[in-house]
Amino acid sequence: MLGYATRKLLISVVVLFFATLVAFLLVATVDPIAEQRVFLMSQPGGAEQVDRLEASLGLDKPLIERYGSWLGDMFTGDMGTSTDNGRAVTTLLGEAIPVTLRLVIAATVVSVVLGVAVGVVSAMRQYGKFDNISTFFAFLFFAMPVFWLGALLKDLGIRFNDWWGSRIFFTIGEESPRLDADFWGTWADRAGHIILPALTLVLIQLAATSRFQRSAMLDVLESDYIRTARAKGVPRRRVITHHALRNALLPVVSYTGLTFGTLIGGTVVTEVVFNWKGMGRLFLESLLNGDVAVTQGWLLAVGISVIIVNLLTDLTYGFLDPRVRDG
């Protein structure tokens, strides 16, 4: 297992290098001083001022040299400064990442646990009432756009609060402003705010995860070793939990890792709907303001997170299937 993990880690380092290159090139052609350029060129001596501004930002250098400087600064913890508010990109990311991380982890854990449970039960009761009902709702939620489902849940939360007479569901922000509470009070408040945004992502992810788990479970239950275990008189519960489920989890593990990028995209939309100050809002503001440094930092942070998740996915896959790590 150690050798398998080492190989995957080395591959991840190579992928990380290409991730930095892609993150830089995707926005390298954007002019971060486009508005200032237009204004300065209309003033006397504007050309000289533009040249000085380009030199101060390093825009007068060749593209490959700019990439090398950016890469070197990144390894020292300097990802540049926002042209919109003058704050360091690392500071902005440090504030936004924990907010989004809470939402992503909560949605992933809940959707995987419920998806596996629903998929296993559906496979065990194929074409039964539970299977038919779960299939119906799976396709229903899977077809719903994230922004529409988020807006619907937000409206339902507001209506429920009005009907109940007090606030049960928080529909704005990731936590209450100026919250003066202890550790448990702070996390209880954050848990109340995360319910509806996480539910938005969970319902869509749950739909796909449960279908993958159901299909994988049905295939495994038809395997020869499962028939042999049953013929030897192994209890049904042990056949499911100790023999079938472990192999049936492999497609779900792969799906969860591969769709992490899609989940990040859904998080961007969800954060906008519920007005969270996380990575989604940071990304949209950087695009609207033409903030190249922040956009590059955001793309790199997301790329690194996807690489880490894929590495964990490979390690989990190797743990569940010895043939993968031994090969």
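Tutor: α5, α11, α12 (279-288) and α13 (292-320) each supply at least two residues of the lining of the second largest pocket. Keep in mind that this is a predicted model.

Student: Which helix gives the most to the lining of that second largest pocket?

Tutor: That's α5, with nine residues. The pocket has a volume of about 430 Å³. Of its 22 lining residues, Leu101, Val104, Phe260, Ser305 and Val309 are the closest to the centre.

Student: What makes a residue count as part of the lining?

Tutor: Lining residues have an atom within 4 Å of a grid point of the pocket. By class, the second largest pocket's lining comes out as 16 nonpolar, six polar and no charged residues.

Student: How many cavities of 30 Å³ or more are there, and what makes something a cavity instead of a pocket?

Tutor: There is one cavity of 30 Å³ or more. A cavity is a set of points where a 1.4 Å probe fits but cannot get out, whereas a pocket is an open set. The largest cavity has a volume of about 60 Å³.

Student: Which residues line the largest cavity?

Tutor: Thr108, Ser111, Val112, Gln205, Thr209, Tyr255, Thr256, Thr259, Phe260 and Leu263. Two or more of the lining residues come from each of α5 (89-124), α8 (183-221), α10 (236-258) and α11 (260-273). The largest share, three residues, is from α5.

Student: How do those lining residues divide by class?

Tutor: Four are nonpolar, six are polar and none is charged. Tyr counts as nonpolar in this scheme, so Tyr255 of the lining goes with the nonpolar residues.

Student: What about α5 and α6 (residues 129-142): why are they called oblique?

Tutor: They pack at about 135 degrees, with axes 8 Å apart. The roughly antiparallel label needs over 145 degrees, so α5 is oblique to α6. This crossing is left-handed.

Student: Which residues are in contact there?

Tutor: Val118, Val121 and Ser122 of α5 meet Phe130, Asp131 and Ser134 of α6. By class, that gives three nonpolar, two polar and one charged.

Student: Last pair: how do you know that α9 and α10 are roughly antiparallel?

Tutor: Helix α9 (residues 224-231) packs on α10 at about 165 degrees, the axes being 10 Å apart. The cut-off is over 145 degrees, so α9 and α10 are roughly antiparallel. Their crossing is right-handed.

Student: And which residues make the α9 and α10 contact?

Tutor: On α9, Tyr225, Ile226, Ala229 and Arg230; on α10, Arg236, Val239, His243, Ala244 and Asn247. Five of these are nonpolar, two polar and two charged.

Note on methods:
Residues numbered from 1 in each chain as written. Predicted model: local features only at pLDDT ≥ 70, side-chain atom pairs only at ≥ 80, totals over all residues. Heavy atoms only, no water. 1 Å grid on protein atoms, 1.4 Å probe; cavity = no way out; pocket = protein on both sides within 12 Å on 5 of 7 lines; lining within 4 Å. Points joined across faces, edges and corners; volume = space filled by probe spheres on them. Helix = DSSP H or I, 4+ residues; strand = E, 2+ residues; numbered from the N terminus. Axes fitted to C-alpha atoms, helices over the stretch in contact; angles between N-to-C directions. Parallel < 35°, antiparallel > 145°, perpendicular 65-115°, else oblique. Left-handed = near helix turned anticlockwise from the far one by under 90°. Contact = heavy atoms within 4.5 Å.
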